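Q: I have a model open on my screen and would like to understand the labels used for its parts. Could we go through them together, asking each time what a label rests on?

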Amino acid sequence: MKNMIYIQSGGPTSVINSSLYGAIQEAKLHSSQIDHIYGSLYGVEGLIEDNIIDLGLEDEEQIELLKQTAGAILGTTRRKLPRNVHDPVYQKIIDNIEKHNIKYIFINGGNDSMDTCHKLSVLSQEMGLDLRVIGVPKTIDNDLAVTDHSLGFPSAAKFVINSVNSTAIDAGCYRSGKVYVVEIMGRNAGWLTASTDLLPDDTRPDLIYIPERPFDPNLFLEEVKEVYERKGYAIVAVSEGIEFSRKSMGNVRFDSFGHAQLGGIADELCEYVEDELNLPTRAVEFSLTQRAFPPLISKVDQDEAIYIGRMAVRSALEGETGKMIVIKRISDEPYVIEYRLEDVGNIANHESIIPESMMLDHTRMSESFRRYLRPLIRGEIEIKYKDGLALHASLKKIKVK
Ligand code: F6P
């Protein structure tokens, strides 16, 4: 009998562990085909370095808690695999696949991680290995190509929308307030920042800046000044990926896919507003919390994450390989979707950004964007607490020899 291995990769989301939960539960139903359910620690690095755990030895109670556990429980990586399948790193992967009798490989990640998925499926073909490699989509950036949306984005959007709502209510309490610049994640795609446009008139950010539209610093000052003079305060939502001359660019770090470590744009814009407009400001940065806050998980997101984890296992058992599961939207209201399989080569390294049709102008989204987003953030999950603290899973992580 053969074994499966599950890999988490790239930036975590609030539901990445829900997909793992789904995959584990499905695999247990097929114990006549899958002997052991393994987890690779720190993404593909576990498979390279033989750092593999047996998830079948974990307590059921802890597996249940995966659904409300932030972060990537197996550990994650942004490591890029080499292009050349004859690179020594692939021999290490093959050795460990053979050593642990692995046939089914699941890679749960974003567009860079689908590059890893694609490379492993190419390796399998070129080396004649008997492998089934399936991609499980996730990224709060919502920039995976082909799929309607990426798992994790709806929950991050729900967090950001509700947090900006509360921020705006608080900010409006003073007779003479400040310019609040809220920094939201998303590298080249502004989906998460744009999600704040779903708020009602009284708490919606006055201005929303996303990377899809060029950022004009002078126009930004004019727009902020106009709002402040009219309302006595201003709420500005800004994507961390917008292009603004960044002082920090000198010593910025890059990952192996060439992506800069972002963060700090709200501070810089606040300083700019203080210098140029002499207005009081406050930078608001949700940072990691926006992708790591189980109490605000969207039920729709979690249900889809679990379903896709399960479907990945079923697809591999049916003989599929080199594919990622994608979501196809059938209708917005009622919200109806279909799940399909797509060649991972068509997804890896591509980016989906907000289309023009979903933007009203350079600071507002259109009704079609709101129609798209509305159903995704619906529904709440029940969270288990102890003494006021939300519980999270703690795994034994027993290594496979
Ligand atoms: O995975 C996407 C993402 O969440 C981006 O939105 C963000 O820029 C990046 O990860 C930051 O991740 P980290 O700080 O963990 O490298």
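Q: Which strands does helix H6 lie across?
A: In this predicted model, helix H6 (residues 153-171) lies across E6, strand E8 (234-239) and E9. H6 runs at about 170° to E6.

Q: What is the order of the strands in the open sheet of four strands, and what makes E7 and E9 its edge strands?
A: The order is E7-E8-E6-E9, with parallel pairing. Strand E7 (207-209) and strand E9 (281-285) are the edge strands, as each pairs on one side only. From one strand to the next, the twist averages 20°.

Q: How do you know that E6 and E9 count as paired?
A: Pairing needs at least two bridges between the strands. Strand E6 (residues 179-184) and E9 have five bridges, in the parallel sense, so they count as paired. Tyr180 stands opposite Arg282 in E9.

Q: Why is the ring pair of Tyr209 and Phe220 called edge-to-face?
A: A search of the whole structure finds 13 aromatic pairs. In the pair of Tyr209 and Phe220, the ring centres are 5.5 Å apart, and centres within 6.5 Å make a pair. The planes stand at 70°, and over 60 counts as edge-to-face, so the label applies. Since Tyr209 lies in strand E7 and Phe220 in helix H8, the pair ties together parts that are eleven residues apart in sequence.

Q: Why are H8 and H9 called roughly perpendicular?
A: Helix H8 (residues 217-231) and helix H9 (residues 265-277) pack at an angle of about 75°, with axes 11 Å apart. The range for roughly perpendicular is 65 to 115 degrees, so H8 and H9 get that name. On the H8 side, the contact is made by Pro217, Asn218, Phe220, Leu221, Val224 and Lys225. On the H9 side, it is made by Leu269, Tyr272, Val273, Glu276 and Leu277. By class, the contact of H8 with H9 has eight nonpolar, one polar and two charged residues.

Q: What makes H4 and H5 roughly perpendicular?
A: The axes of helix H4 (residues 88-99) and helix H5 (residues 111-126) cross at roughly 75° and come within 12 Å. That angle falls in the range of 65 to 115 degrees, so H4 and H5 are roughly perpendicular to each other. Tyr90, Ile93 and Ile94 in H4 meet Lys119, Leu120 and Leu123 in H5. The contact of H4 with H5 divides into five nonpolar, no polar and one charged.

Q: Why is H1 called oblique to H10?
A: Helix H1 (residues 16-29) and helix H10 (residues 299-317) pack at an angle of about 40°, with their axes 7 Å apart. Roughly parallel needs under 35 degrees and roughly perpendicular begins at 65, so H1 is oblique to H10. The crossing of H1 and H10 is right-handed. Among the residues in contact are Tyr21, Gly22 and Ala23 of H1 and Ala305, Ile306 and Gly309 of H10. By class, the contact of H1 with H10 has seven nonpolar, six polar and three charged residues.

Q: What is the order of the open sheet of seven strands, and which strands are at its edges?
A: The order is E3-E2-E1-E4-E5-E10-E11, with mixed pairing. Strand E3 (52-54) and strand E11 (336-343) are the edge strands, each pairing on one side only. The twist averages 30° from one strand to the next.

Q: How do you know that E2 and E3 count as paired?
A: Three bridges join strand E2 (residues 34-40) to E3, which run antiparallel. The cut-off is at least two bridges, so E2 and E3 count as paired. Gly39 has Ile53 in E3 as its bridge partner.

Q: What makes the peptide bond from Glu333 to Pro334 cis, and where is Pro334 found?
A: That bond is cis, with omega near 0°. Pro334 is found in the loop between strand E10 (323-331) and E11.

Methods: Residues are numbered from 1 along each chain as its sequence is written. This is a predicted model: local features need pLDDT of at least 70, side-chain atom pairs count only at pLDDT 80 or more; totals for chains, interfaces and linings use all residues. Side-chain values use heavy atoms; hydrogens and water are left out. Axes are lines fitted to C-alpha atoms, for helices over the stretch in contact, and angles run from 0 to 180 degrees between N-to-C directions. Angles under 35 degrees count as roughly parallel, over 145 as roughly antiparallel, 65 to 115 as roughly perpendicular and the rest as oblique. Contact means heavy atoms within 4.5 Å. Ala, Val, Leu, Ile, Met, Phe, Trp, Tyr, Cys and Pro count as nonpolar, Asp, Glu, Lys and Arg as charged, and the others, Gly among them, as polar. A crossing is left-handed if the near helix is turned anticlockwise from the far one by less than a right angle, and right-handed if clockwise. Rings of Phe, Tyr and Trp (its six-membered ring) pair if their centres lie within 6.5 Å; planes under 30 degrees apart count as stacked, over 60 as edge-to-face and the rest as tilted.
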